[in-house]
Amino acid sequence: MMFSGDGRRNILKRMQEKEHDLLIIGGGITGAGIALDAVARGMDTALVEMQDFAAGTSSRSTKLVHGGLRYLKNFEFKMVAEVGRERAVVYENAPHVTTPEWMLLPIYEGGSLGKLTTSIGLYIYDKLAGVKRSERRVILSAEETLRREPLLKREGLIGGGYYVEYRTDDARLTVEVLKRAAAEGALAVNYAKAEHLIYEDGKVAGAEVFDRLTGGRYQIRARRIVNAAGPWADTVREMDRSKNGKTLHLTKGVHLVFDQSRFPLRQAVYFDTPDGRMVFAIPRDGKTYIGTTDTDYDGDLENPACTDEDRDYLLNAANSVFPDLKLTAADVESTWAGLRPLIHEEGKSPSEISRKDEIFVSPTGLISIAGGKLTGYRKMAEQVVDLVARSLQEDSLAGKPFGPCRTKTMKLSGGDVGGSANFSQFVREKTEQGAALGLSPDAAERLARRYGSNVDQVYRIAAERGEEAERYGLAPEELAALEYAVSFEMAVKPDDFLIRRSGALLFDIGWACRRKDAVTRYMAERLGWTESQTAAFAAEMERHFERATLRHA
Ligand code: FAD
């Protein structure tokens, strides 16, 4: 049980027992990817995350594993090629958290892209991103465009580009990477903050880590330290007194969620905003979400929130392209906001700053990685771990050389489904098995889609403990998902489950509201919380609801 909610303290103790090859600060997608790559090459690897895994930017993105079509506008060809190829790798290794989604790019008279430029742009995109034949772009007439999405404004519509993006669940992707890393032997723990760095002979040699749940302190030592702290990367560089030269430029991006009854979008759409940016509208699980904004940010890093201004900007953008809907603030069910940890470029506006990643090595040896995209996490990890392996070798600190990167063909946890092409068949078979255990076919299918090849464990919990579920006011599949999150995904607070393991606060806020007390009660009993802990975690969850529904001050 090396990745469970009740195993945290043991993990921290074990982390302290010896010097590791690598300590990673930050458990977003970047840190998770580095942990998996490093452990797969045979490095003794530890990772500390000060909040929940993915609670930073990696649960707050647009949730696309994408080829970065937008970057063609800025002529970032290398980036389009790299992230485009990477998405195919992510899909193959984790089809349970990655779904192809045809995207419609409506073309309007006087819009930022004409029919010819869209066609050429998408052609270049297909080539650069190595798009497979069945997913190459199609150019549609105005009638065909409207047939695919009747909500679109008709006036001035001259056609549409049709191409494929991949939808993901960013937080689950991060957790599946970490679960695989833990299965390979990495030690990873959440709510553990690196508060100070430890030095030996002027070189960074570890971190003093504070357990935010228990108040414990741990000295964790490693031969190399990687700072993968996303928006906090400069804070960690400040600890190291090496924040000079290039620095971060944080920009905020907001998303709004609507019920499909109010925003019945059939088809994902990527459209121009009145101020010349581009925004996604994506149908998902009975909801439609739109985003994102891109504005400079210097507020609270742990709790960025949507403001009335952000909301109105997106409502205005949506109403300009879907005018019959007449969306208002009252239609917004839920929201989320995330911070892009970009690398500052003098004189550029938020949308113009490149999303490319960079690695900085400080005089003390602290390796910091910043920038980048969720989609490119595996390649970013490869670069960092290549660097770590080389530098350990140069210092003759490692015995035999570490091997090459192995993650290109490594399935993520839950990804052993017989290949992406077999995923539908896999889901059908598992749904039948789940139904045979007494689950409704719908519930069995939802679980199979979410957990992939780990679904057998979830079904087993549902079958063994279904009766107990009633005591908490939960359905058997709900209790099973919750118990699995605690036992196998290190969920230790209600929001870990309701936001990042299930996505419910974002995409099913009604359900999350109805079940939040039951979830808290179950976790309190399961994890042995005191009354004051229970009240504190419940209050924290309440604040997340307030932020999501714009009831915060
Ligand atoms: P984070 O996820 O923020 O992880 C860093 C972690 O470090 C945090 O969890 C933090 O708690 C932890 N940490 C910080 N300090 C410490 C410390 N002292 N001790 C321990 N832990 C610490 N990319 C895509 O590919 N597709 C998209 O659709 C997409 N959409 C986006 C939309 C928005 C609005 C935004 C903001 C970004 C989007 N991105 C997208 C980019 C992508 O989300 C980010 O590049 C990625 O999530 C960054 O991951 P990270 O691990 O570097 O940072």
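The model is predicted: local features need pLDDT of at least 70 and side-chain atom pairs count only at pLDDT 80 or more, whereas totals for chains, interfaces and linings use all residues. Residues are numbered from 1 along each chain as its sequence is written, and side-chain values use heavy atoms, with hydrogens and water left out.

## The chain as a whole

The protein chain has 17 helices and 18 strands. Its radius of gyration is 23 Å, close to the 24 Å that the globule rule gives for 553 residues, so the chain is as compact as a globular protein of that length. Here the radius of gyration is taken over C-alpha atoms, and the globule rule is 2.2 Å times the number of residues to the power 0.38. Helices (H or I, at least four residues) and strands (E, at least two) are DSSP runs, numbered from the N terminus.

Along the principal axes, the C-alpha atoms of the protein chain fill a box of roughly 65 × 60 × 50 Å. Of the 553 residues, 60% are buried. A residue counts as buried under 20% relative accessible area, as exposed over 50%, and as partly exposed in between (1.4 Å probe, protein chains only). The protein chain exposes about 22,000 Å², and carbon and sulfur atoms supply 49% of that area. Accessible areas come from the Shrake-Rupley method with a 1.4 Å probe; for residues, only the protein chains shown count as cover.

Among contacts between residues at least 6 apart in sequence, 72% join residues at least 24 apart; contact means heavy atoms within 4.5 Å. The mean positions of the 77 positive and 81 negative charges are 3 Å apart. In this count Lys and Arg are positive and Asp and Glu negative, while His and the chain ends are not counted. The place of a charge is taken as NZ of Lys, CZ of Arg, CG of Asp or CD of Glu.

## Strand β11 and its partners

Two strands are said to pair if DSSP finds at least two bridges between them. With β16 (residues 334-343), β11 pairs in the antiparallel sense over 10 bridges, and Val254 has Ala337 as its bridge partner in β16. Strand β14 (residues 287-291) also runs antiparallel to β11, joined by 5 bridges; in β14, Gly291 stands opposite His255. A further antiparallel neighbour is β15 (residues 295-296), joined to β11 by 2 bridges, where Asp296 is the bridge partner of Thr251.

Gly291 also takes part in a cis peptide bond with Thr292, with omega at about 25°. Thr292 has its place in the loop between β14 and β15.

## Individual residues

| Residue | Relative accessible area |
|---|---|
| Leu479 | 0% |
| Met490 | 0% |
| Lys493 | 8% |
| Thr364 | 14% |
| Arg241 | 78% |

Leu479 lies in helix α13 (residues 476-488) and is buried. Not counting residues up to four places away in sequence, Leu479 touches Ile461, Arg465, Ala469, Tyr472, Leu474 and Tyr522. The C-alpha atoms of Leu479 and Val519, 40 residues apart along the chain, are separated by 8.4 Å.

The loop between α13 and α14 (494-501) holds Lys493, which is buried. Beyond residues up to four places away in sequence, Lys493 touches Tyr191, Leu213, Met523, Trp529, Phe537 and Glu540. Met490 is likewise placed in the loop between α13 and α14. Met490 is buried, and its phi is near 55°, a positive value in a residue other than glycine.

A positive phi in a residue other than glycine is also found at Arg241, where the value is near 50°. Arg241 belongs to the loop between α7 (233-239) and β11 and is exposed.

Thr364 lies in the loop between β17 (358-361) and β18 (367-370) and is buried. Leaving aside neighbours within four places in sequence, Thr364 is in contact with Tyr199, Gly202, Lys203, Val204 and Asp240. Thr364 and Tyr199 are 165 residues apart in sequence, and their C-alpha atoms are 8.2 Å apart in space.
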